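Biologist: Could you take me through this model step by step? I would like to begin with the whole chain and then turn to the details.

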Amino acid sequence: MEVALAEELAEIAQDTASPTLKVHNQVPGGVHCSGDLYDAYRINLHSRIASRVLMRMGVCHYQNENDIYDLVLAQPWEEWFGIDHTIRVDVTAIKSPLKSIEFTTLKIKDAVCDRFRDMYGKRPSVDTREPDMRIAGFLDQRQFIIYLDTSGEALFKRGWRTETGDAPLRENLAAGLLRVSGWKPGMPLFDPMCGSGTILCEAAQMVQGVPPGARRTFAFEKFHDFDPAPWQAMKAAIKVRPLPTEPTIFGSDISGDMVAMTRHNLKNAGILFEVPLKQIEAQQVQAPTEQAGILLTNPPYGERIGVRGDSTLPEDDLAKSFYADFSKTLKQRFAGWTAYLFTADLGLPKLLRLKESRKTPFFNGALECRLFRFDMVAGFNRRDEALPKGD
């Protein structure tokens, strides 16, 4: 999602009229940007796609763990937090020659604690579950970078979700899918397998103009020099959009429990307008508006397909039968729509007997996925039915 995040950061700089926030290069798994500390506040408040906003403290070439220890020891941690704050250290490495990431993590923690002990005779405690301050180290073959995390809890935790289904999408992944699909507020959007409603909640907040960080707290609020006045001013400057008079966002799911959960999550996310929801099987859905729009969904795969299916059928047959029926529905009832299916099943187009017009690689955690785009052209169905059987 690096391209999508770089675009979003440029928009945040423009929309908040920040003269200092500059977007630099994309790197695997992130985007480098620069600015003042208030820009970190802005990104945490407004970014739907970022996972964390990390502030670079220091960088060096290293040969062993002692080089890493020395760099961390030299950083002015006491300017940012105190011995009464709890800390956690996480290290990510790509092709690092060091033998043990755990040992490197320990050396970083020791360096931070030793600096406090040298200065004050006391050291901060470690709390791996709910730390006040998170410190992140990144290693590649030759370079080590140490960061202080300004976010705290990962940014996909928006503060509204209390209920999830079996395999919920992360909120920032849902936001990335919406951006890559080209959906914008005002365009019709339909998720026919909405689960706990993550895609719908993200889209509805965008329609309403609710920033993703409006309902949560951040690590930077515990920094020594945190100034609450500009932070409150940023939140006060949020421009909530007029509520739509006609629905443009729609969802459905085979499970009544999931529909109820989506309704609950929309309410928790502060959505004040109607998002029509139906309990119906995905194969039976109709286009919810006359105007063509975007169908975006994360279809269930594996055991999740057979919610009400025939449990006597083997799993693969269930999937084949489900996707054959869903494909017919798309062709017959969604002419002119653009359908985006996000899945870990890389053979999905074959199951649908549709040729994708684009596929975008994503990772959902460690799981390699694709966002497949299918352009549902009017007259599709007639051509399809003219194909000889078995093609």
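**Contacts along the chain**

Modeller: In this predicted model, 77% of the contacts between residues at least 6 apart in sequence join residues at least 24 apart.

Biologist: How many helices and strands are there in the chain?

Modeller: The chain has eleven helices and 13 strands. Its C-alpha atoms fill a box of roughly 80 × 50 × 35 Å along the principal axes.

Biologist: And what share of the residues counts as buried?

Modeller: Of the 391 residues, 49% count as buried.

Biologist: Is helix α6 largely enclosed or exposed?

Modeller: Helix α6, residues 198–208, is largely enclosed by the rest of the structure, because ten of its eleven residues are buried. Among them are Thr198, Ile199, Leu200, Cys201 and Glu202.

Biologist: What do the buried residues of α6 pack against?

Modeller: They pack against the helices α5 and α8 (256–268) and against the strands β7 (189–191), β8, β9 (277–279) and β10 (294–297). Just after α6 comes Gly209, with a positive phi of about 80°.

Biologist: Strand β8 is on that list. Where does Ser252 lie?

Modeller: Ser252 lies in strand β8, which spans residues 249–253.

Biologist: Is Ser252 buried or exposed?

Modeller: Ser252 has a relative accessible area of 2%, so it is buried. A polar atom of its side chain lies 3.2 Å from the backbone oxygen of Pro192.

Biologist: Which residues does Ser252 touch?

Modeller: Leaving out residues up to four places away in sequence, Ser252 touches Phe190, Asp191, Pro192, Met193, Cys194, Lys278, Ile280 and Val285.

Biologist: Let us change topic to helix packing. At what angle do α3 and α4 pack?

Modeller: A pair of packed helices is described by the angle between the axes and the distance between them. Helix α3 (residues 65–73) and helix α4 (residues 101–120) pack at about 30°, and their axes are 8 Å apart. The crossing of α3 past α4 is right-handed.

Biologist: Which residues make the contact?

Modeller: From α3, the contact uses Glu65, Asn66, Ile68, Tyr69, Val72 and Leu73. The residues of α4 in the contact include Phe103, Lys107, Ile108, Asp114 and Arg115. The residues of this contact divide into eight nonpolar, two polar and five charged.

Biologist: Now to charged pairs. How many salt bridges does a search of the whole structure find?

Modeller: The search finds 16 salt bridges. In general, side chains of opposite charge can pair when their charged atoms come close.

Biologist: Which residue does Asp114 meet in a salt bridge?

Modeller: The side chain of Asp114 meets that of Arg117, with 3.0 Å from N to O. The two are about one helical turn apart, because they are three residues apart in helix α4. Residues three or four places apart in an α-helix point the same way, because the helix has 3.6 residues a turn. Arg117 counts as partly exposed, at 38% relative accessibility.

Biologist: What about Lys157? Which residue is its partner?

Modeller: Lys157 forms a salt bridge with Glu153, and their closest N and O atoms are 3.1 Å apart. Lys157 is partly exposed at 39% relative accessibility, and Glu153 is partly exposed at 41%.

Key
Residues numbered from 1 in each chain as written. Predicted model: local features only at pLDDT ≥ 70, side-chain atom pairs only at ≥ 80, totals over all residues. Heavy atoms only, no water. Axes fitted to C-alpha atoms, helices over the stretch in contact; angles between N-to-C directions. Helix = DSSP H or I, 4+ residues; strand = E, 2+ residues; numbered from the N terminus. Left-handed = near helix turned anticlockwise from the far one by under 90°. Contact = heavy atoms within 4.5 Å. Nonpolar A, V, L, I, M, F, W, Y, C, P; charged D, E, K, R; others polar. Buried < 20%, exposed > 50% of the residue type's maximum accessible area, 1.4 Å probe, protein only. Polar contact = N/O pair within 3.5 Å; in protein donor to acceptor, adjacent residues only side chain to side chain. Salt bridge = Lys/Arg side-chain N within 4 Å of Asp/Glu carboxyl O.
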